[in-house]
Amino acid sequence: WGIPYLITGSPTVPDGVSLTIEKGTVLKFQGTLMSVSGNLQADGGDRDIIFTSWRDDAVGGDTNADADTTLAEAGNWKGLYLAPTAGKTKLNRCVFKYAGGDNLGYIHYGYRRTSVYVDTCVPSISNCQFMESAGHGLELYSSSATIQSNLFKNLGDGYTALVFDTLDCFPIISGNMAEGKGFLGISVPGGSVATTGQWQKP
């Protein structure tokens, strides 16, 4: 894997700016988050891109230099936030581990604990893994994102693989799997479906 990026702050990709992460890259977060308002291109191709805790010695080595004194665990870092202007973002062959920490922020009337939060934009998220999260795997607000062939595994107690915060979420969705801990399905709120759409076989 080579040496990782150690994310000690909470970097932001502003609107109008593009960031490309090369395949095989490891990003280790020291309790922080990443916020994207611009264009994030993270295409793992034939070698996964890893977003994980700085305590995760399984990839990128013993980054926090404490041998096995501390171990990676769910909630070690907060997650990835995709803002309304981040619609061109592509996540393919990305692994999100040990995220869901408290929290991505107060967004749409609630504090969000999830590996990735998609806020009113339409990114492409495919062939990704959402693992060992203290919160949800993937959370959508008013989004028709492409969500295909992802794995959700071992989520937080009382948390769900995929969450629709609103009833106007109609993602292009297929081939997804969920296993292990947590609620292994798609959480849909109450209320009136006011927009015509389709719930596809996930």
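Both faces of strand 5 (residues 33–36) are covered in this predicted model, where strands are DSSP runs of E with at least two residues, numbered from the N terminus. Leu33 and Ser35 lie on one side of strand 5 and Met34 and Val36 on the other, and all of these residues are buried, a term that stands for under 20% relative accessible area, computed with a 1.4 Å probe on protein chains only. The model is a predicted one, in which local features need pLDDT of at least 70 and side-chain atom pairs count only at pLDDT 80 or more, while totals for chains, interfaces and linings use all residues. Residues are numbered from 1 along each chain as its sequence is written, and side-chain values use heavy atoms, with hydrogens and water left out.

Strand 5 pairs with strand 2 (residues 12–13) in the parallel sense over two bridges, pairing being assigned if DSSP finds at least two bridges between two strands. Within this pairing, Ser35 of strand 5 is the bridge partner of Thr12. Strand 5 also runs parallel to strand 8 (residues 79–82), to which it is joined by four bridges, and here Val36 has Leu82 of strand 8 as its bridge partner.

From strand 8, the pairing continues to strand 11 in the parallel sense over three bridges, with Tyr117 in strand 11 as the bridge partner of Tyr81. Because six of the six residues of strand 11 (residues 114–119) are buried, this strand is largely enclosed by the rest of the structure. Strand 11 pairs in turn with strand 14 (residues 136–141), again in the parallel sense, over five bridges, and Leu140 in strand 14 is the bridge partner of Val118.

Conventions:
Buried means under 20% relative accessible area, exposed over 50%, partly exposed in between (1.4 Å probe, protein chains only).
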